[in-house]
Amino acid sequence: MTIKLKQDELIKLLNKFQLEPTLQSETDQVYIVMKIGDQEVPIFLGIRSEETLLQSVAYIPYQLEDKAINEVARVLHILNRELDVPGFGLDEQQKLMFYRCVILCPDHELDEKILELYLATTRIAVESFMGAISMVASGKKTADELLKKKDEPLA
């Protein structure tokens, strides 16, 4: 089933998924919180490019130390190289780490199954790697230390 790519329709669909969306007026984006372990991961969904793209950005809920920015950037690059659906990124100025997906919505319509799959992909990516990312972001590990344990999962 498809919906028109409009904020009110997106909110209805996210309510159907029981994700309790809200509209954040400051950014004009729909906001949900995904609970992963004991962490709350904020996800912003914004309609872009004349209602033909839906962007979701899940922010990794950890502090990024100044001294760790280069190491985190390196780890995120390595993760993106290995993932089937890459999307990890870094905003150095705001010191924010995130996982971003962009969904093409031809004819200004969004297939609800596609959104469900992208949200599941976001959950898996963030859940799988946020532990490793937090270790590097806090300065407790370096990218090289994580790579040395290549045979072990990064989670």
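Student: Among contacts in the protein between residues at least 6 apart in sequence, what percentage join residues at least 24 apart?

Tutor: Bear in mind that this is a predicted model. Of the contacts in the protein between residues at least 6 apart in sequence, 55% join residues at least 24 apart.

Student: How many helices and strands does the protein have?

Tutor: The count is 4 helices and 8 strands. Their order along the sequence is β-α-β-β-β-β-α-β-β-β-α-α. The radius of gyration is 16 Å, close to the 15 Å that the globule rule gives for 155 residues, so the protein is as compact as a globular protein of that length. Along the principal axes, the C-alpha atoms fill a box of roughly 45 × 30 × 30 Å.

Student: What share of the residues counts as buried?

Tutor: A residue is called buried when its relative accessible area is under 20%. Here 37% of the 155 residues count as buried. The accessible surface of the protein is about 9200 Å², and carbon and sulfur atoms account for 48% of that surface.

Student: Which residues have the most contacts inside the largest nonpolar core?

Tutor: They are Leu14, Leu45, Leu54, Phe88, Leu110 and Leu115, in a core of 42 residues. Several elements give two or more residues to this core, among them α1 (7-16), β4 (39-48), β7 (96-104) and α4 (143-148). Helix α3 supplies the largest share, 10 residues.

Student: With which residues is Leu110 in contact, leaving aside its neighbours within four places in sequence?

Tutor: Its partners include Met1, Ile3, Leu10, Leu54, Ile103 and Leu115. Leu54 and Leu115 are also named among the residues with the most contacts inside the core.

Student: Is Ile69 buried or exposed?

Tutor: Ile69, which lies in helix α2, has a relative accessibility of 11% and therefore counts as buried. Leaving out residues up to four places away in sequence, Ile69 touches Leu64, Leu90 and Glu92. Ile69 and Ala137 are 68 residues apart along the chain, and their C-alpha atoms are separated by 7.1 Å.

Student: Which residues does Arg74 contact, leaving aside its neighbours within four places in sequence?

Tutor: Arg74 is also placed in helix α2, and its contacts of this kind are with Ala143, Asp144 and Leu147. At 35% relative accessibility, Arg74 counts as partly exposed.

Student: What should I look for in the phi angles?

Tutor: Most residues other than glycine have a negative phi. Glu20 has a positive phi of about 50°, and Asp28 has one of about 55°.

Student: Where are Glu20 and Asp28 placed?

Tutor: Glu20 is in the loop between α1 and β2 (22-24), while Asp28 is in the loop between β2 and β3. Glu20 is exposed, with a relative accessible area of 68%. Asp28 is partly exposed, at 48%.

Student: How many positive and negative side chains does the protein have?

Tutor: There are 18 positive and 26 negative side chains. The centres of the two sets lie 5 Å apart.

Conventions
Residues are numbered from 1 along each chain as its sequence is written. This is a predicted model: local features need pLDDT of at least 70, side-chain atom pairs count only at pLDDT 80 or more; totals for chains, interfaces and linings use all residues. Side-chain values use heavy atoms; hydrogens and water are left out. The radius of gyration is taken over C-alpha atoms; the globule rule is 2.2 Å times the number of residues to the power 0.38. Buried means under 20% relative accessible area, exposed over 50%, partly exposed in between (1.4 Å probe, protein chains only). Contact means heavy atoms within 4.5 Å. Accessible areas come from the Shrake-Rupley method with a 1.4 Å probe; for residues, only the protein chains shown count as cover. Lys and Arg count as positive and Asp and Glu as negative; His and the chain ends are not counted. The place of a charge is taken as NZ of Lys, CZ of Arg, CG of Asp or CD of Glu. A nonpolar core is a set of buried Ala, Val, Leu, Ile, Met, Phe, Trp, Tyr and Cys residues joined through side-chain atoms within 4.5 Å.
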